[in-house]
Amino acid sequence: MSLPVFLCEALSAETPPGAVLVLDGPEGRHAVTVKRIREGERVELVDSHGVRAVAVVRAVEAKARLSAEVESIAVEGPPRPRVTVVQALPKAERSDLAIDLATQAGADAFVPWQAERCVARWVGPKEKKGREKWQAVARESAKQARRARVPEVTAPVDTAGLIDLLHDTPGTRALLLHEAAARPISACGLDADDVDHVYLIVGPEGGIGEEEAERLRRAGAVPVRLGPEVLRTASAAMVGLAALGVLTSRW
């Protein structure tokens, strides 16, 4: 059974074996009160950017603090190609699920996309609240999946902003998941040496409008299908990431 994982801001690539790190605040409370971690147990500490340490708990204090001594430390390189999920804003009940599943499947970053057919709208204070909620879900899901890296949630974009992203990133492929696409995702040549970054574009519940899809195609996005089934927006990124894992060196 794998060790429980906790985020530790004090951890870095320079942390030596034998160093004692303190876990407090919400993470310490989760470890001590929820997970009931006790003195002598081993845990994994991660910094959210690829550093992972195995540590043994030396002391548990009150209900929200523990000290752990680092036994070993490793720095995990980023997967290649990097995959950024461009997720059209789902309805509230599916929004968290989309981020949770995609994080479990290995998403490296998220771009919230205000597609034309999105029912949900991040306007005014909702933008900050929505982004913070997605980041919190990604953080907790990454811990559950025992990841050393937590996906970053960027500022939201509309379709014009998404087109700018696709134009501005060399060495990048953009895949537009579309149920009517003729090309399967397996035929996209993603194992080529020059592919460093993939944008995986997931449309809204009602599908991507033809005009909007054409604008993305002109910007370089390649329409692809995942299979014969039509997936919900909350699960499409997860299935797409699984396919990319097999088709590239990510897995």
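A salt bridge is taken here as a side-chain nitrogen of Lys or Arg within 4 Å of a carboxyl oxygen of Asp or Glu. In this predicted model, Asp-108 and Arg-250 form such a pair, their closest N and O atoms being 2.8 Å apart. The pair links distant parts of the chain, with Asp-108 in the loop between H2 and E7 and Arg-250 in the segment after helix H6 (233–247), 142 residues apart. Asp-108 has a relative accessibility of 10% and therefore counts as buried. Arg-250 is also in the buried class, at 16% relative accessibility. Side chains of opposite charge can pair when their charged atoms come close. Over the whole structure, the search returns 19 salt bridges.

A further salt bridge joins Arg-139 to Glu-27, with 3.9 Å between the closest N and O atoms. Arg-139 belongs to helix H3 (residues 125–144) and Glu-27 to helix H1 (residues 25–34), so this contact ties together parts that are 112 residues apart in sequence. Arg-139 is partly exposed, at 34% relative accessibility, whereas Glu-27 is buried, at 6%.

Within helix H5 (residues 210–218), Glu-214 and Arg-218 are four residues apart, about one turn of the helix. Glu-214 forms a salt bridge with Arg-218, and the closest N and O atoms are 3.8 Å apart. Glu-214 has a relative accessible area of 30% and is partly exposed; Arg-218, at 60% relative accessibility, counts as exposed. Elsewhere, salt bridges with shared partners join Glu-27, Arg-139, Glu-140 and Lys-143 into one network.

Strand E7 (residues 109–114) was examined next. This strand is mostly covered, six of its six residues being buried. In a regular strand the side chains alternate between the two faces of the sheet.

E7 runs parallel to strand E6 (residues 82–88), to which five bridges join it. Thr-84 has Ala-109 of E7 as its bridge partner. With strand E8 (residues 152–153), E7 pairs in the parallel sense over two bridges, and Phe-110 stands opposite Val-153 in E8. Strand E9 (residues 157–158) is likewise parallel to E7 and joined to it by two bridges; here Gln-114 stands opposite Asp-158.

The cysteines were considered separately. Zero disulfides are present in the structure. Cys-118 has a relative accessible area of 4% and is therefore buried, the limit being under 20%. Cys-188 is buried too, with a relative accessible area of 10%.

For residues 23–61, UniProt lists "domain: Ribosomal RNA small subunit methyltransferase E PUA-like" in an unreviewed entry. In the model this span is 26% helix and 44% strand, and its end C-alpha atoms lie 10 Å apart.

Key. Residues are numbered from 1 along each chain as its sequence is written. This is a predicted model: local features need pLDDT of at least 70, side-chain atom pairs count only at pLDDT 80 or more; totals for chains, interfaces and linings use all residues. Side-chain values use heavy atoms; hydrogens and water are left out. A disulfide is a pair of cysteine sulfur atoms within 2.5 Å. Buried means under 20% relative accessible area, exposed over 50%, partly exposed in between (1.4 Å probe, protein chains only). UniProt positions are given in the numbering used here, feature names are shortened, and annotations may be inferred rather than shown by experiment. Two strands pair if DSSP finds at least two bridges between them.
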